[in-house]
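Subject: Structure for your review

Hello,

Here is the structure I said I would pass on. Please look through it first; my notes on what was found follow below.

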Amino acid sequence: MRITDEQNEMLDELICERLRDNPNSSTLIQNFENKRGTLIVDYLKQYGLKEDIEGSTAFYIVRNKNNDVLMFFSLKCGELFDPFGSFLY
């Protein structure tokens with residue numbers, strides 16, 4: 001199965017950016033809602049920008065050119081840098 005030209009055009013309209021890289025991110029995420037994921041959306045709104053700026057979690061938003069946030073995701077990979085269980089020593 002190959003991606004169609006129409007699908008490619010749709011993908012070209014999307015912008016994926018790190019939350020901390022857009023000065024308007026805080027405003028953009030406040031308008032984002034998802035009825036099936038209210039807890040995680042609330043977490044994004046309350047802690048997302050702070051954690052992204054601190055570097056503990058990388059948050060990304062996917063938006064369109066009208067600045068409608070369509071989705072978000074986060075990456076937390078601290079275990080790659082801190083030995084597991086290092087807090088015990």
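This is a predicted model: local features need pLDDT of at least 70, side-chain atom pairs count only at pLDDT 80 or more; totals for chains, interfaces and linings use all residues.

Overall layout

The protein chain has 3 helices and 3 strands. Along the sequence they come in the order α-β-α-α-β-β. The chain has 89 residues, and 27% of them count as buried.

V62 and E17 are 45 residues apart in sequence, yet their C-alpha atoms are 6.6 Å apart in space.

E17 also takes part in a salt bridge, and its partner is R63. The closest N and O atoms of that pair are 2.8 Å apart.

How many salt bridges does the structure hold? The count is 3, and the one between R63 and E17 is among them.

Another joins D52 to R18, with the closest N and O atoms 2.5 Å apart. This pair also links distant parts of the chain: D52 is in helix α3 (residues 38-54), R18 is in strand β1, and the two are 34 residues apart. D52 has a relative accessible area of 0%, so it falls in the buried class. R18 is buried too, with a relative accessible area of 17%.

There is also a salt bridge between the side chains of E54 and K50, at 2.9 Å from N to O. These two residues sit in helix α3, and because they are 4 residues apart, about one helical turn separates them. E54 is exposed, with a relative accessible area of 52%.

Aromatic pairs

A search of the whole structure gives 3 aromatic pairs. One of them is F32 with F72, which is edge-to-face, with 5.8 Å from centre to centre and 85° between the planes. F32 lies in the loop between α2 (25-30) and α3, while F72 lies in strand β3 (residues 69-75); the pair links distant parts of the chain, 40 residues apart. Both F32 and F72 are buried.

Y43 and Y47 form a pair that is tilted, at 4.8 Å centre to centre and 45° between the planes. Why does this pair count as tilted? Planes under 30 degrees apart count as stacked and those over 60 as edge-to-face, so 45° falls into the remaining class. Y43 and Y47 are both in helix α3, 4 residues apart, which is about one turn of the helix. Y43 is partly exposed at 36% relative accessibility, and Y47 is partly exposed at 34%.

Surface patches

Which residues make up the nonpolar patch on the surface? They are I3, L11, L14, L70 and M71, which together have about 430 Å² of accessible area. L11 is in helix α1 (residues 5-12). Its relative accessible area is 46%, so L11 is partly exposed.

A patch of negative charge is also found on the surface, formed by D5, E6, E9, D12 and E13. E13 is placed in the loop between α1 and β1. With a relative accessible area of 41%, E13 is partly exposed.

In short

Regards

Terms used
Residues are numbered from 1 along each chain as its sequence is written. Side-chain values use heavy atoms; hydrogens and water are left out. Patches are made of residues with over 30% relative accessible area and no salt bridge: like charges are joined within 9 Å, nonpolar side chains (Val, Leu, Ile, Met, Phe, Trp, Tyr) within 5 Å. Accessible areas come from the Shrake-Rupley method with a 1.4 Å probe; for residues, only the protein chains shown count as cover. A salt bridge is a side-chain nitrogen of Lys or Arg within 4 Å of a carboxyl oxygen of Asp or Glu. Buried means under 20% relative accessible area, exposed over 50%, partly exposed in between (1.4 Å probe, protein chains only). Rings of Phe, Tyr and Trp (its six-membered ring) pair if their centres lie within 6.5 Å; planes under 30 degrees apart count as stacked, over 60 as edge-to-face and the rest as tilted. Lys and Arg count as positive and Asp and Glu as negative; His and the chain ends are not counted. The place of a charge is taken as NZ of Lys, CZ of Arg, CG of Asp or CD of Glu.
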